[in-house]
Amino acid sequence: MSQDSASYPISPISPISSGTASHPAQVLVLDHARTEAALTGVPRDPTHSASTPTATPTSTPTASLTAALTHALVAIARGEASSPPRIAARAPHGLLGAMPGYVPGLGLAAKLITVFGDPDQPGRSTHRGLVAYFDEHDGRLLALLDAEPLTAARTAATATLAFRALARPDASRIAIVGTGAQATAQLALLTDDEAASATVAGRDPARVRALADRFGVAPAASIEEAVRGADIVLCCTGAREPVVRREWLAPGTHISSVGGSDGPELDAATIRDAALFAEWPGAAGSPPPAGAHELQALAADRVTLIGAVLDGAHPGRRAAAELTVFKSTGHAALDVAAASVAHAAARALGLGSTVQL
């Protein structure tokens with residue numbers, strides 16, 4: 001599952017309209033369906049509801065999203081991106097998080113997103129919000145996008161970049177742990193060869209079967225069964241306590257963990273024994289919700305930035321039997337990258353509407 005670690009070229013962003021005090025700039029607005037369409041390349045019939053696609057999403061991330069995310073991760077590793085740690089205002093039933101960021105060549109963006117319990121699905125959470133995307137040269141607001149599909153797409157694509165860079169070259173059996181929106185996005189990015197040996201596991205057997213049937217993969221009887229039989233484990237849960245145990249993991253397994261906003265997805269023994277990778281130094285150096293629950297109190301040198309691997313500055317996996325973990329906390333630079341791609345694609349596809357602000 002190795003890949004070329006060379007940096008990808010990023011095309012410059014062209015403006016919509018400069019705008020003046022007397023002539024406000026036009027701002028592109030993309031709802032849920034059109035944000036998703038801009039990131040998958042699948043146009044949707046505007047007469048359909050946001051939940052009704054007119055085509056099946058593509059099975060791999062677009063080259064432009066992969067390139068932009070690689071650019072952003074390398075920029076983080078080189079110290080070229082700018083973003084403060086995520087902050088959050090906490091309410092009795094959830095939180096409102098804020099994530100501003102800048103990536104040279106891609107632009108500026110700020111995400112406001114709420115994470116609340118889903119009353120219709122106890123134990124699960126909703127992620128709702130918006131991403132404001134700005135021109136990096138003059139600060140104009142260029143677009144407003146739906147944060148939910150943008151976050152799902154960039155998180156899944158980043159986890160995919162990580163496992164293709166860190167997993168053993170002969171790794172083939174993939175376990176997806178989770179049955180929600182993030183697991184769905186992750187499954188959508190698997191190639192046909194990857195999906196052929198993939199399994200899905202979760203807490204709800206009915207949801208496991210439904211998701212497995214949707215993507216033509218095998219349902220697992222339990223999380224433990226799926227993990228014990230996997231070379232690559234992709235954790236996409238809202239766990240408050242570990243769902244993956246060290247004793248389930250075979251030598252040489254890779255784990256990409258993108259969930260666990262409210263607690264750890266991985267147990268302490270897995271973290272102890274693994275080579276650790278993350279998007280940014282604050283994954284271990286900042287408390288949650290900015291940092292990862294699993295990485296708190298670790299020495300800084302225990303965690304390698306995935307951008308350094310993609311850039312070729314770090315070798316990544318050092319041995320076939322090594323256990324590797326990519327622990328994702330999310331990062332505003334990744335929102336900048338996805339917003340830049342969605343903005344450019346929406347303009348090219350004629351998606352969305354414009355307002356004057």
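## Cores of the fold

A nonpolar core is a set of buried Ala, Val, Leu, Ile, Met, Phe, Trp, Tyr and Cys residues joined through side-chain atoms within 4.5 Å. In this predicted model, the largest such core has 81 residues, and Leu145 and Val233 have the most contacts inside it. Leaving aside residues up to four places away in sequence, Val233 touches Ala175, Val177, Val227, Val244, Leu249, Thr253, His254, Ile255 and Ser256. Another core, of 20 residues, lies apart from the largest one, and its members include Ala171, Ala195, Val200 and Leu234.

## The protein overall

Let's step back for a moment. The protein has 357 residues, and 50% of them count as buried. Its secondary structure comes to eleven helices and 15 strands. Among contacts with a separation of 6 or more, 66% are between residues 24 or more positions apart.

Strand 7 pairs in the parallel sense with strand 8 (residues 198–201), over four bridges. Four bridges also join strand 7 to strand 10 (residues 232–235), again in the parallel sense. Ile176 is a handy landmark for both pairings: it stands opposite Val200 in strand 8 and opposite Leu234 in strand 10. Val200 and Leu234 both belong to the core of 20 residues.

## Helix 4, enclosed

Helix 4 runs over residues 181–188, and because seven of its eight residues are buried, the helix is largely enclosed by the rest of the structure. The buried ones are Gln182, Ala183, Thr184, Ala185, Gln186, Leu187 and Ala188. What do they pack against? Their neighbours are helix 3, strand 7, strand 8, helix 6 (205–215) and strand 10.

## Helix 2 across helix 3

Two packed helices are described by the angle between their axes and the distance between the axes. For helix 2 (residues 63–78) and helix 3 (residues 147–166), the angle is about 75° and the axes are 10 Å apart. Angles of 65 to 115 degrees count as roughly perpendicular, so helix 2 is roughly perpendicular to helix 3.

On the helix 2 side, the contact is made by Leu65, Thr66, Leu69, Thr70 and Leu73, while helix 3 brings Ala153, Arg154, Ala157, Thr158 and Leu161. Sorted by class, this contact has six nonpolar, three polar and one charged residues.

Key. Residues numbered from 1 in each chain as written. Predicted model: local features only at pLDDT ≥ 70, side-chain atom pairs only at ≥ 80, totals over all residues. Heavy atoms only, no water. Axes fitted to C-alpha atoms, helices over the stretch in contact; angles between N-to-C directions. Helix = DSSP H or I, 4+ residues; strand = E, 2+ residues; numbered from the N terminus. Parallel < 35°, antiparallel > 145°, perpendicular 65-115°, else oblique. Contact = heavy atoms within 4.5 Å. Nonpolar A, V, L, I, M, F, W, Y, C, P; charged D, E, K, R; others polar. Buried < 20%, exposed > 50% of the residue type's maximum accessible area, 1.4 Å probe, protein only. Pairing = 2+ DSSP bridges.
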